[in-house]
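Welcome, and please open your viewer for a short walk through this model. We will begin with a pair of helices and then move on to a pocket.

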Amino acid sequence: MTSYFTLMFLGLFLPLTVVVYAAVPKKGRWVVLLLASYAFFFVLSRALIIALVVSTLSIYVCGRGMGALIAQRDAALKEAQSGKKAIRAAYARKMKGVMVAGLVVNLGLLAAFKYLHFFGRIIDGALALVGIHLNLELPVWAAPIGISFYTLMAASYLVDVFRGTIPAERHLGKVALFLGFFPQIMEGPIARFGQTADQLMAGSPVTRANLYAGTLRMLYGLCKKIIVADRLNALVKLVFDNYGCYDGGIIALGAILYTLQLYCDFSGTMDLALGMGRIFGVTLPENFRQPFFSRTAGGFWNRWHITLGTWLRDYVYYPVSLSKPAKSLTKHARKKLGNRYGPLLASSLALICVWLGNGLWHGAGSQYLFFGIYYFVLIVAGSLIEPSAARLAEKLGVSREAWGYRAFQIARTLVIIVVGELFFRANGLHAGFDMFGIMVSQFSLESFADGTVLKLGMDAKDFAVVGVSVVVLLVVGLLRERGVDIVGKIGAQKLPVRWIVWYAVFLVLLIFGAYGAAYTPVDPMYAQF
C-alpha cells in the first residue's frame, strides 16, 4: 500500500475501516479513525511517523499554553481597575512567544526534511560570489508523507488560537485526529481546526446517502486519475525528460497534456479524499472550482488549490499587508503615486511574500521559485493594466461581459497557465527556459502530420479516450459552474437509476483505466510537494 490508488487500500484498508467504524459505538468512532490514520501513515512513512507525533504534541502543548495565558489575562483584566491596555500587551507578548515556539518546531521540521539541501546550495552560491567556497554538502532526507500539508494545518491551529479565533483544545486525541485524518494526510485539502475537528469527533453514522454519494465521488476521482492522468504520464515524462529530441509542437503538446495530467491527478485525489470524508460524515473543504474557466491568472488561483490559496491569504498576505511597515509604506505611496497605485505598492510587497511562499511550498528548486515569481508578475501587471483595459474597451464599445470577450479572456488565461506549468514540470529552471525557447522558436506541426506524436507512449486509442474524457470533464464543469449539484441530483433519483449510474461509472473505470504492462502506476503527484 503506497497510496490511496492501490487495491490494498481501496479493497481492504478502507472497507475494513468503514465496517469497524460503523460497528463501534458512537463515542469510540473517533478512536477508529485515529488508529486507522496512524496505521496508514506508518505504512507509508514508517519511522517518520515521529514527525507527525512531534507536530501534534507541539501544537497541543503550545495551544494549551496559550489557553492558560488567555485565562490568566482575562482574570487579570477582570480584577484590574486601570492599566488594562498594558495587561493585554504583556500577555500578547507572552502568547506570541509560545506561538512562535510552536511555529519554529513545525516549520523547522518542514525545512529540515524538505529544504535543507536546497538552502545549502543557496548559501554556497551566495558565498561563492564573494570568493568563499564552502561546498556545503547538507543531507537530503526522505520526507514524511504529507508534511507540507499537515504543517500548514498545524501552523493555522497555532495562529488561530493566538488570535482567539478558536479556543485551545484540551483533548489531545481531537488535535491528533485533526492533523492526521487519513483521507487528507497525503494531499490535503488543508483544513482549519474549526472546519473539521468537531465533525471528526462527532462519530456520525455511516448512512446510505453518505455511502452512496461518497463512493460515487470517489469513483469519479478514480476515473480522472486512472483513465486520464496515468494514461498521459508516459508521453509527458518522455517529452520533459528528452525535450531536446522534439520540435516546438511536441513541447507545446507536452505542456498542455501535463497541465491536464496534473489537474486530473490532483483534483481526482481531492475527489477521493472528499468522498472518503463524506462516508464518515465529514465535510472536507473543496479544493477546486472549475479552474479552467478562469478569465485571469488571479482568478485561476482562486479556483485551483483553494485551501492553499486561502491559507496564504489569511496567514501571509493579510498579516504582511496590515503590518505597521506596510501601512506606513501605503501612506507614503499614496502621496507620491495617488490612491490607485499607492496602495498597490504595499499590497505588492505582501503579494510577493505570498507567491514566493507558494513557489517554495511546492518544492526546493529554482523552477518552483520562478513559478511563484511568474504568477506574481502577471497578477501585479494585470492590476496595473486593468483600468486602462476597461477604458479602452469602453471607448471601443466592447462589452467585457460579452461571450466573445469572455472566451478570449479564458483562452488567454489558459495559455498563461500552460506556460507556467511547463516551467513547473521542467527538470530545473534551465530546462524550462530551453523548452520554452524550443516551443516558441521551433514550433512546427510536422510531428503531428508524420505520425511521430503517436510514438510517444500514447496511440490513437489513448488520445481518443483522453479526448472523450475531456469532453465529459467539460460538461461536468459547466454544470457545476451553473450551480448544479450533480451528485445530489443523482442521489435524489429512484434506486434503479442511482445504481445504474454507480455501476456505469465503475465499469467505465474498469474498461478504460490505464492498466497493464504498458502503463507504470503513478503515485499521486501532489504528494511529492
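Select α16 and α17 to start: these helices are oblique to each other, a word for angles that are not under 35 degrees (roughly parallel), over 145 (roughly antiparallel) or 65 to 115 (roughly perpendicular). Their axes come within 7 Å and cross at roughly 140°; axes are lines fitted to C-alpha atoms over the stretch in contact, with angles from 0 to 180 degrees between N-to-C directions.

This is a predicted model, where local features need pLDDT of at least 70, side-chain atom pairs need 80 or more, and totals for chains, interfaces and linings use all residues. Residues are numbered from 1 along each chain as its sequence is written, and side-chain values use heavy atoms, without hydrogens or water.

Next, show side chains: V419, L422 and F423 of α16 meet α17 residues including L429, F433 and F436, where contact means heavy atoms within 4.5 Å.

Now select T296, A297, G298, G299 and I379, which lie nearest the centre of the second largest pocket, lined by 37 residues. A pocket is an open set of points on a 1 Å grid over the protein atoms alone, where a 1.4 Å probe fits, with protein on both sides within 12 Å along at least five of seven lines; lining residues have an atom within 4 Å of a point.

Which element gives the most to this lining? Colour α15, which contributes nine residues. Helices here are DSSP runs (H or I, at least four residues), numbered from the N terminus.

Finally, zoom out: the C-alpha atoms fill a box of roughly 85 × 65 × 60 Å along the principal axes.

Key: Helix = DSSP H or I, 4+ residues; strand = E, 2+ residues; numbered from the N terminus.
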